[in-house]
Each structure stands twice: as structure tokens, then as C-alpha cells.
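Here are my notes for a first look at this structure. Please read them with the model open beside you.

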Amino acid sequence: MDTILIVDDNHAICQALGLMLEINGYQVLTCHTPEDALSLMATQDVDLVIQDMNFTRDTTSGEEGKQLFYALRERQSDLPIILMTAWTQLETAVELVKAGAADYMGKPWDDAKLLNSITNLIALHKLARANQQLERVNSQRQVAIADADLCGIVFGSGAMQRCIDLALQLARSDVSVLITGPNGAGKDKLADIIHANSPLKNKPFIKVNVGALPMELLEAELFGAEAGAFTGANKARIGRFEAADGGTLFLDEIGNLPLSGQVKLLRVLQTGEFERLGSHKTLKVKVRVISATNADLAQDIVEGRFREDLFYRLNVIELALPPLNQRVDDILPLVKHFVGESFSLSKPAQQALLQHRWPGNVRELENACKRAALLAQSRVLTEADFGLPPVHGNHSCAISTTTFGRNLTEMTPIEPQVKSLPHAEPAQSDSSDAMDVSREQIEMALRQHKGVIARVAKSLGLSRQALYRRMDKFGLEK
């Protein structure tokens with residue numbers, strides 16, 4: 001409820017104004033002298049003041065009201081003040097309105113006009129305060145970003161700004177962080193930012209793509225192995241945990257870790273202790289673990305593929321990274337980064353890039369940009385260069401074309417108003433697919449998802465057609 005202070009030496013006017021305002025939903029405070037008004041302002045939060053201009057009997061100059069007005073302005077420069085007097089002097093009214101008085105009314109007043117003025121002034125005051133707060137937050141963000149190591153990340157969206165803000169906040173602690181999001185969205189970049197801005201930034205930073213390692217080698221990679229522990233182990237080797245001792249270990253695609261490895265990982269997280277494969281000697285390390293996954297670990301827990309206790313050890317704080325099609329304002333800055341300064345974009349190319357759904361996220365966009373730079377016939381890239389269909393009809397872009405090429409530190413971190421964009425089918429070209437998918441990864445994904453092609457394709461960041469082409473290439477059964 002908004003609070004209005006009435007300052008008038010006439011008790012009847014205070015009562016009349018107070019009753020009218022209370023009927024219309026306002027909380028009312030009243031006092032009868034400038035001294036009382038200033039004392040009350042020191043202890044009460046007030047949204048608007050209605051003040052008389054004369055407080056001494058037989059005085060009509062308005063000097064007392066002017067003094068009170070300027071005293072209130074010194075205490076709260078943006079407070080809406082409505083001046084009321086039965087002795088209206090044009091010169092005084094003009095002076096005080098120029099000095100910041102919100103309105104100047106004569107007595108007797110018009111109830112409807114006064115209520116309308118109060119409603120508008122309080123709304124504008126709240127909006128001004130909200131804008132000031134937003135400016136302070138944006139200023140603090142820009143200072144934080146200016147002082148931070150962003151590891152070359154390129155962005156322009158409010159969604160990505162919030163992810164980076166949280167990553168920088170988490171960097172100062174040593175808690176375990178779980179980064180979730182689809183394949184190719186940039187989870188590893190957030191891990192880089194967390195480590196680069198942490199107290200451990202000068203310590204080892206070891207990355208392990210759990211999903212790219214054969215199952216039989218996972219434990220040896222993570223925890224090390226003694227000579228003869230398995231076929232081909234001719235000498236002892238240290239694991240990634242030992243290599244990361246005192247620093248940070250990033251476990252990408254943690255959802256692919258087998259249950260046997262999950263047990264050992266849980267023990268390391270709890271105690272810092274583990275044994276190499278083929279050894280009974282207990283080793284102890286101190287490592288901060290950042291993990292990432294595109295899987296639904298909660299569903300994997302229900303289906304018995306992931307340990308619940310390990311999930312809660314890894315997921316002290318979750319950092320959720322949206323897919324690229326939910327960060328439309330990131331697309332053009334990323335394209336500019338990938339294609340370089342030598343190329344510019346045609347207007348239809350910008351529209352096509354913004355309206356494509358990018359199921360492969362930033363990885364797919366990067367591949368499309370490499371294709372465009374290689375196949376371009378001129379320095380102005382078209383939608384055909386990116387392997388995208390032309391945009392038909394008059395579609396408005398979700399982001400101003402002036403965004404293309406802006407420095408990321410100049411982007412205003414305010415959530416953009418992104419329109420819903422129609423779906424565009426990805427171009428059927430291997431150059432826009434994930435070319436680094438191996439036979440082992442496909443076999444692993446087929447086993448993990450029990451041969452369900454749609455799920456396998458999604459986990460690998462491929463279209464189903466692209467997955468079928470690779471299965472044919474490697475001689476895998478559909």
C-alpha cells in the first residue's frame with residue numbers, strides 16, 4: 001500500500017484529504033507543521049507528499065512552503081511533491097515546478113484531478129526507481145565482467161549473461177558444480193570461466209570427456225592404473241584425479257560414467273581417497289570437481305543408471321545452460337566471431353540464421369560458419385552459403401542488425417524480447433553436422449539408449465538422417 005504524507009496546518013483539510021485517500025486505497029500520514037513533516041520523513045517511508053504553502057496565520061507569501069519543499073528535496077531528491085495553496089502565485093508555482101515539484105494545485109481542489117495526479121506520479125516514481133536499480137545492477141555487471149577472465153566467450157543475450165554472472169559467482173567458492181544443457185551449447189566454456197576466475201586458476205585444470213572414452217578404460221583414465229592391471233598396461237600411469245591434485249577436474253558427459261566408476265567417484269568426492277587399478281595403495285587428493293551432462297540425471301536415477309547419492313554430491317549447485325535457440329541474441333555475435341572480419345552478412349542471411357532452430361547449438365553454428373567461409377563466392381555471405389533455406393515472406397528479425405559485430409562487453413545485460421520463430425529444417429549436409437562423432441561414440445550411445453534412434457541422435461547432437469549416414473559408413477545395424 002502506497003503511503004502519502006499530508007502537511008497542512010488546517011486540521012479539517014487534513015481530515016478531508018485523508019478520508020478521500022484512504023477510501024481510494026492509500027495509507028495516510030498527517031502533520032501540521034514543516035518541523036513535524038521533516039521529523040516524520042526521517043523515520044517513515046513515504047511515496048508522495050501533499051503540502052500546503054502557508055503555515056502561519058495571516059501569511060500568504062508561500063515562503064514557508066518553499067522552505068519545506070527545498071528541505072524535503074534535500075532529504076529525498078526524487079520524492080513526488082504536490083503543492084497546494086488557496087493563494088496561488090504564478091511566479092512561485094513556476095519556480096517550484098522548475099525545481100522539481102510534481103504538481104501545483106489551488107484550494108479547493110478537484111478530487112478526480114488530484115487522484116489522477118497522485119496515481120500517475122507514484123507510478124512514474126516507482127518506474128524511475130526501478131530504472132535506477134536496473135542501471136546499478138547493469139553497472140555492477142559490467143564492472144564484474146571487465147575484471148573477469150571470460151575465456152574468449154562471445155554472447156549477446158540476457159540468458160547467457162545470467163549464466164556467466166552465476167559462473168563468476170560460483171568461481172569464488174570451492175563447491176561442486178553441475179553444468180546442464182544440450183550438446184554443443186558451450187558447457188565447457190562455462191567450466192573454463194569458473195576455473196579461470198577461481199582461487200585455483202593457477203593450479204592444474206584437467207578436462208575429461210567421459211562420453212568419448214571406452215568403458216573399459218574409464219576407471220584407468222580417472223584413477224590411474226598399475227603396470228599389468230589390464231592388457232596393454234606396460235607401465236604405471238597416473239589418473240586424471242592425480243593430475244588435477246590441488247586444482248580443478250572437469251568431467252564432461254558425466255552421465256555416461258558406468259556404475260562401477262560412480263562408486264569410486266563418490267568415494268573421491270567424499271574423502272579424496274582412491275586406488276589405482278591393480279593397486280591396494282590408497283592415494284589422497286584434493287580436487288574441485290566441475291561436471292557437465294546433457295542427460296536427464298533425475299530420470300537416470302529412477303531407471304537405475306545413475307546413483308542418487310553421487311548426483312547430490314555433484315549437484316551442489318546446478319548451472320543450466322539454455323540451447324542456442326533460446327539465446328537468439330547470441331547468434332549474430334557468434335557468427336561474426338566464427339567468420340571473422342573479412343565477411344559481412346546479407347539481410348536475408350541474418351534472417352535465416354536467426355530463424356533456424358540450430359538443433360546442434362553452437363557446434364552446428366560453428367560448422368555452418370566454416371562452410372560459409374570456405375564456399376562463399378563473395379565477401380557478403382548469403383543464406384545459401386550457410387546451407388540454410390531462404391526466408392519467405394516479411395519476417396521481422398528478433399534482434400537489431402546493428403548487434404552484428406558489437407563487442408560482447410558493450411551488450412546491455414537485459415533480457416531481450418524474443419519473438420517465437422518458425423521452425424526451419426536443418427540443411428542436409430554433413431558440413432553442418434557434428435563431424436567428430438566416432439564409431440565408438442555411436443556404439444556407446446546405441447547401448448545407452450537401447451537402440452532408440454531419436455534418443456541416440458539427440459545425445460550425439462546429430463539429426464537422425466546424419467546418424468543413419470554415419471551408421472551406414474561404419475557398418476552398424478539400424
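1. Helix α7 first. Eight of the 10 residues of α7 (residues 187-196) are buried, so this helix is largely enclosed by the rest of the structure. Buried means under 20% relative accessible area, exposed over 50%, and partly exposed in between, with a 1.4 Å probe and protein chains only. The buried residues of α7 are K187, L190, A191, D192, I193, I194, H195 and A196. Their cover includes α6 (158-171), β6 (177-180), β7, β8, β11 (288-293) and β12 (317-320). Helices (H or I, at least four residues) and strands (E, at least two) are DSSP runs, numbered from the N terminus.

2. Basis of these notes. This is a predicted model, in which local features need pLDDT of at least 70 and side-chain atom pairs count only at pLDDT 80 or more, while totals for chains, interfaces and linings use all residues. Residues are numbered from 1 along each chain as its sequence is written, and side-chain values use heavy atoms, with hydrogens and water left out.

3. The chain overall. It has 18 helices and 14 strands. Of its 478 residues, 48% are buried. Among contacts with a separation of 6 or more, 70% join residues 24 or more positions apart. Contact means heavy atoms within 4.5 Å.

4. The main core. The largest nonpolar core has 27 residues. Such a core is a set of buried Ala, Val, Leu, Ile, Met, Phe, Trp, Tyr and Cys residues joined through side-chain atoms within 4.5 Å. V208, F241, L251, I254 and L265 have the most contacts inside it. At least two residues each come from β7 (205-209), α8 (215-223), β8 (248-252), α10 (259-271) and α12 (308-314). The largest share, four residues, is that of α10.

5. Leaving aside neighbours within four places in sequence, V208 touches L213, L222, R240, L249, F250, L251 and D252. I254 sits in the loop between β8 and α10. I254 counts as buried, at 0% relative accessibility. I254 and S291 are 37 residues apart in sequence, yet 6.2 Å apart in space, C-alpha to C-alpha.

6. Backbone points to check. W358 has a positive phi of about 50° although it is not a glycine. W358 lies in the loop between α14 (347-355) and α15 (361-375), and is buried at 1% relative accessibility. N361, in helix α15, has a positive phi of about 60° and is not a glycine either. N361 is buried too, with a relative accessible area of 2%.
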